[in-house]
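Thank you all for making the time this morning.

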Amino acid sequence: MPVINRIADFASDMKEWRQHLHAHPELLFETHETSAFVVERLKEFGVDEVATGIGRTGVVGVIKGQGEGPMIGLRADMDALPIQEVRDLPYKSKVDGKMHACGHDGHTTMLLGAARYLAETRNFAGSVALIFQPAEEGGGGGREMVEDGMMERFGIGRVFGMHNWPGLPLGKIEMTPGPTMAAADTFDIVIKGFGAHAAYPHDSVDPIVVGMAVGQAMQSIVARNVDPIDTAVVSITKFIAGTAHNVIAEEALLAGTVRTLREETRQDIAKKIKALAEGVAAAHGASAEVDYRFGYPVTINDPQEAAFAARVAEKLVGAENVDSERAAEMGAEDFSYMLQKVPGAYVFVGQGDTAGLHHPEYDFNDEAAPIGASLYARLVEEAQPVAR
């Protein structure tokens with residue numbers, strides 16, 4: 001497997017780091033032990049500057065290369081998920097109800113591997129910022145680090161991130177020019193009707209009947225309001241109402257998610273959900289209160305930076321192992337906030353045939369870590385070559 005020789009030399013160390021992190025998962029911004037582990041490793045490697053407390057528990061390490069030049073950013077996420085691990089691994093999670101089910105332990109390890117190599121070799125101009133981010137899994141740690149002024153403080157001019165991908169063969173690398181991951185929004189709709197005895201439905205305004213009508217009507221939003229060339233998902237994932245077999249409820253709750261790849265489409269759907277819920281409810285003599293919450297924005301790769309990442313990946317693993325026109329995903333990523341500030345790209349690294357992300361049997365493939373670390377390192381060396 002194509003890996004930088006020096007990184008291959010300490011692949012066993014990377015495996016050790018990753019499995020330690022896997023055994024000690026932390027959620028959201030509570031990545032205190034993980035951040036401390038990262039800081040300890042960066043100092044061991046001789047990184048020039050280590051800043052903590054960015055985005056609450058985020059860490060940024062800076063390595064200076066040869067001579068003057070720009071600052072490139074490399075990002076990895078650190079947080080785990082509130083999932084109970086089911087596999088009996090030697091390094092199984094030691095924390096009940098928490099596990100690294102998305103591979104952030106592997107992402108952190110990949111960036112630590114790149115940090116060790118870059119600190120040893122410094123075969124690049126300018127500097128590199130190593131961004132270790134908390135709270136990707138719903139907390140918006142990327143937004144918090146950006147709002148803390150990270151990009152300006154370190155003068156980051158371009159930024160790259162990556163994610164492992166189950167089902168993509170080991171050694172394969174993919175990226176998408178333009179929108180690559182969706183915006184993720186959530187909504188709650190409270191239908192208010194009028195309760196009654198179930199034997200006398202004519203005395204009620206049944207919020208369950210109204211809720212079903214609202215839910216059915218919402219299926220037309222994508223089918224009849226979104227350009228077929230565009231992509232969007234509207235999913236109702238909760239419908240809660242009632243407390244007894246013989247009582248018509250007063251209220252019903254519908255909740256769900258909206259995924260979009262264009263900001264225009266996102267705003268249109270938000271308005272449509274509100275208008276549709278209120279209108280259908282009113283037609284039935286009920287009312288609807290809509291709480292629509294905008295979450296992570298669309299993750300948009302700069303086309304030039306995505307093409308650059310593809311060229312670097314091709315040199316590393318061969319053109320036959322790189323897909324530079326990957327279809328966009330409807331999952332979401334808060335790396336999007338960093339890409340709103342500076343150009344960059346988010347790429348996917350093959351994890352092999354394993355359990356899927358967010359699955360209780362998932363485990364990061366340690367063989368993927370040296371590949372990811374090598375790609376991080378080569379992105380820096382190719383982006384900021386030393387003048388000859």
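Predicted model: local features only at pLDDT ≥ 70, side-chain atom pairs only at ≥ 80, totals over all residues.

Let me start with a question: is Phe45 buried or exposed? Phe45 counts as buried, at 13% relative accessibility, where buried means under 20% relative accessible area, exposed means over 50%, and partly exposed lies in between, computed with a 1.4 Å probe on protein chains only.

Residues are numbered from 1 along each chain as its sequence is written, and side-chain values use heavy atoms, with hydrogens and water left out.

Now to the rings, where the structure holds 7 aromatic pairs. Rings of Phe, Tyr and Trp (for Trp, its six-membered ring) pair if their centres lie within 6.5 Å, and planes under 30 degrees apart count as stacked, over 60 as edge-to-face, and the rest as tilted. One of these pairs joins Trp17 to Phe45, with 5.6 Å centre to centre and 40° between the planes, which makes it tilted. Because Trp17 lies in helix α2 (residues 11-23) and Phe45 in helix α3 (residues 32-45), the pair ties together parts that are 28 residues apart in sequence; helices here are DSSP runs of H or I with at least four residues, strands are runs of E with at least two, and both are numbered from the N terminus. Trp17 is itself buried, with a relative accessible area of 9%.

A further pair, Tyr346 with Phe348, is edge-to-face, at 5.6 Å centre to centre and 80° between the planes, and both Tyr346 and Phe348 are buried. Ring pairs also link Tyr346 and Phe348 with Trp165 and Phe335 into a cluster.

Arg326 lies over the face of Trp165, 4.8 Å from the ring centre, and the charged end of Arg41 sits over the ring of Phe37, at 4.6 Å from its centre.

Finally, the backbone: which phi does Leu28 have, although it is not a glycine? Leu28 has a positive phi of about 45°, is found in the loop between α2 and α3, and is partly exposed, with a relative accessible area of 38%. Ala135, also not a glycine, has a positive phi of about 55°; Ala135 is placed in the loop between β4 (127-133) and α5 (141-147), and is buried at 0% relative accessible area.

Key: Lys NZ or Arg CZ within 6 Å of the ring centre and 35° of its normal.
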